[in-house]
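Subject: Structure handover

Hello,

Here is the structure for you to take over. Please open it next to this message; my notes follow below.

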Amino acid sequence: MPTNPNDPRVKRTRQLLIQAFTELLEQKKNIYSISVQDIAARATVNRATFYAHFEDKFAFLECWMGDKFQNILKKKLPDYSITDMGDLRTLIQTIFDYLARFRQYITPGDRQFEPLFEVAMHKEVNQLLLQWLREESSPSVSQEKIEATALVISWGIFGSAVQWNRSPQNRTTEAMVRDVLEVVAAGLAPIME
């Protein structure tokens, strides 16, 4: 039976599991060595409870990263939303900064989880952009075009940050953020008029 994510008990249990994992990660210093049993034991729930909330460790890790990234965005963006180009710049800067910090803590054994974390982070970025574009786009723009624009822009921002983070060469974060914002603004212009 699927769990209701809005049920306070479900939220509390998920928070316990996330907190337990975070504590284990601080202790063990790598994701690879942390098992579902370790997480359940630290959270003082049984494995069946873990599996009632998450299909497997990968689904849990995607949720954990999404939650962690969402909390960072909530601190950086007022009302957890984008209202103007200044907020969009903040979003882009946050993504670049977060990926740079996150990469420092990934051990060689944890590299297998990077694509999973990237997908979780991208989902958050896409949702923020989609919400903003639905509110701010011209009334004549179709829902399909808004969704396609949010998807392309979110992958453009996120992909640029991932690529720069993997091989920054001699470009500063500020230069990359400025250039990405310029390209994004040009891509948004047709639906924001």
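Which helices each supply at least two residues of the lining of the largest cavity? They are helix H5 (85-104), H6 and H7. One caution before the rest: this is a predicted model.

**Overall layout**

The protein has eight helices and zero strands. Read from the N terminus, its elements run α-α-α-α-α-α-α-α. Taken along the principal axes, the C-alpha atoms fill a box of roughly 55 × 40 × 25 Å.

**The cavity**

The count comes to one cavity of 30 Å³ or more. The space in the largest cavity is about 70 Å³. Its lining consists of Leu99, Phe102, Arg103, Glu114, Glu118, Val162, Asn165 and Arg166. By class, that lining divides into three nonpolar residues, one polar and four charged.

**H6 against H7**

Two of the helices that line the cavity, H6 and H7, also meet each other. H6 covers residues 114-136, and H7 covers residues 143-166. Their axes come within 8 Å and cross at roughly 140°. That angle makes H6 oblique to H7. The cut-off matters here, because only angles over 145 degrees count as roughly antiparallel. The crossing of H6 past H7 is right-handed. In the contact of H6 with H7, 13 residues are nonpolar, five are polar and four are charged.

**The second largest pocket**

Now to the open space. The second largest pocket holds about 360 Å³. It is lined by 13 residues. Arg14, Cys63, Gly66, Asp67 and Gln70 lie nearest its centre.

Where does the lining come from? Helix H1 (8-28), helix H4 (57-76) and helix H6 (114-136) each supply at least two residues. H4 gives the largest share, with five residues. The lining of this pocket divides into four nonpolar, three polar and six charged residues.

**Aromatic pairs**

How many aromatic pairs does the structure hold? There are ten. Take Phe21 and Phe60 as one example. Their ring centres are 5.4 Å apart and their planes stand at 75°, so this pair is edge-to-face. The cut-off for that class is over 60 degrees. The pair links distant parts of the chain, with Phe21 in helix H1 and Phe60 in helix H4, 39 residues apart.

**Where to look**

For a quick tour, begin at the cavity lined by residues including Leu99 and Arg166. Go on to the crossing of H6 and H7. Then turn to the pocket with Arg14 and Asp67 among the residues nearest its centre. Finish at the pair of Phe21 and Phe60.

Best wishes

Methods
Residues numbered from 1 in each chain as written. Predicted model: local features only at pLDDT ≥ 70, side-chain atom pairs only at ≥ 80, totals over all residues. Heavy atoms only, no water. 1 Å grid on protein atoms, 1.4 Å probe; cavity = no way out; pocket = protein on both sides within 12 Å on 5 of 7 lines; lining within 4 Å. Points joined across faces, edges and corners; volume = space filled by probe spheres on them. Helix = DSSP H or I, 4+ residues; strand = E, 2+ residues; numbered from the N terminus. Nonpolar A, V, L, I, M, F, W, Y, C, P; charged D, E, K, R; others polar. Axes fitted to C-alpha atoms, helices over the stretch in contact; angles between N-to-C directions. Parallel < 35°, antiparallel > 145°, perpendicular 65-115°, else oblique. Left-handed = near helix turned anticlockwise from the far one by under 90°. Phe/Tyr/Trp six-rings, centres within 6.5 Å; stacked < 30°, edge-to-face > 60°.
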